[in-house]
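Reader: Before I use these labels, I would like to know where they come from. Please take them one at a time.

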Amino acid sequence: MGTGPMGPVPPMGAGPMGPVPPMGPVPPVGFPPFVESPRNGAGIAALVLGLVGASIAGVPFLFWAGAILGVLAVVFGVVGIGRACNGAATNKAMAIVGTVFGGLACALAVVGLLLTVGLIDKAKKEIDEEDRKRDTTATAPPSASDGPDESDELDKDRKSADKLTLDFGKTASYRDGLKVTASQPEEVELGKYSAKEGFVAYKVEITVENGTGKDVDLELTQVKARDGDGAGLERTYDFTKGPSFNQGITGRPHPGKSVTGTYVYLVPEKKAHDRMEVSVEPGVITYKEATWTGAVK
């Protein structure tokens with residue numbers, strides 16, 4: 001290399017103590033290899049949802065919740081099994097158990113549904129039976145009367161009767177104070193759109209007087225008419241005569257109040273001016289039927 005002030009300069013690669021050995025490879029500086037955590041969440045969710053769903057699916061009125069949890073358990077279980085098969089999860093057994101319990105929850109939900117329907121049906125029958133017993137014990141058969149004394153006597157004689165037959169214009173009285181009167185049928189003329197060829201129209205007015213100490217529900221009142229041979233008659237309407245002409249018995253009259261309904265029936269001409277029968281069942285549930293009969297005008 002040459003000569004310096006202190007002496008000859010050593011060649012490159014050599015030091016004062018001798019040749020410098022070559023440097024070896026420097027070990028790389030880095031991090032430990034990355035290991036991905038197993039994705040076990042789906043399998044765990046399947047097991048939890050399956051167990052909870054199976055425990056409540058068979059309970060009446062909770063079957064729907066068990067069915068939902070069971071379906072979710074099956075879905076998560078399938079996902080968990082797939083991840084385990086791909087090596088992304090390590091809890092394949094847990095996912096399988098969760099799927100099985102999910103399917104069990106769905107099956108038990110059907111049982112819960114059947115139990116719920118059975119309980120509802122049983123409760124309905126019990127309620128109907130209680131209503132029937134209450135109607136049998138609380139409802140008194142009607143009696144015909146023109147005055148208080150005659151009413152008491154006829155009612156006393158007919159306590160076991162389901163219904164009584166009265167003449168038109170008479171009053172059917174019930175033990176709780178309710179009174180029903182059917183007027184004498186009268187022939188009426190209808191408009192051309194309401195009249196029916198070969199038939200005669202007869203109007204009957206039904207009056208219900210609330211002599212009880214409470215409101216009476218008459219919304220379900222039924223009125224039926226038959227001709228002299230017992231054949232049913234068709235009710236008709238004529239809206240040209242105003243609402244009162246077509247309004248039947250309805251409402252909840254207060255104590256001491258009365259309600260009047262108008263009913264118009266079509267009678268075949270060959271049976272006109274004969275006899276009619278009109279049956280009234282106030283409120284349907286509370287009171288038994290009374291029947292009026294007689295010749296028509």
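**Labels and their cut-offs**

Author: Under the cut-off applied here, the count of disulfides comes to zero. The model is a predicted one.

Reader: What makes a pair of cysteines a disulfide by this rule?

Author: The two sulfur atoms must lie within 2.5 Å. The count by that rule is zero disulfides.

Reader: Why does V100 get its accessibility label?

Author: The relative accessibility of V100 is 55%; the cut-off is over 50%, so V100 counts as exposed. V100 sits in helix 3, residues 92-138.

Reader: What makes a set of residues a nonpolar core?

Author: The members are buried nonpolar residues joined through side-chain atoms within 4.5 Å. The largest such core has 31 residues, and V180, I206, M276, V278 and W292 have the most contacts inside it. At least two residues of this core come from each of strand 8 (179-182), strand 10 (199-209), strand 11 (222-227), strand 13 (258-268), strand 14 (275-281) and strand 15 (290-295). Strand 10 gives the largest share, five residues. Another core, of six residues, lies apart from it and includes L190, A201, F245 and L266.

Reader: Which residues does V180 touch?

Author: Leaving out residues up to four places away in sequence, V180 touches K170, T171, A172, Y174, I206, T207, V208, V280, P282 and W292.

Reader: How do you know where the predictor's confidence is under 50?

Author: The pLDDT of residues 145-162 stays under 50. The model has 22 contacts beyond four places in sequence for these residues. Where pLDDT is low, the predicted coordinates should not be read in detail. Over the protein chain pLDDT averages 80, and 77% of the residues score at least 70.

Technical notes. Residues are numbered from 1 along each chain as its sequence is written. Side-chain values use heavy atoms; hydrogens and water are left out. Helices (H or I, at least four residues) and strands (E, at least two) are DSSP runs, numbered from the N terminus. Buried means under 20% relative accessible area, exposed over 50%, partly exposed in between (1.4 Å probe, protein chains only). Contact means heavy atoms within 4.5 Å. pLDDT is the predictor's confidence in each residue, from 0 to 100.
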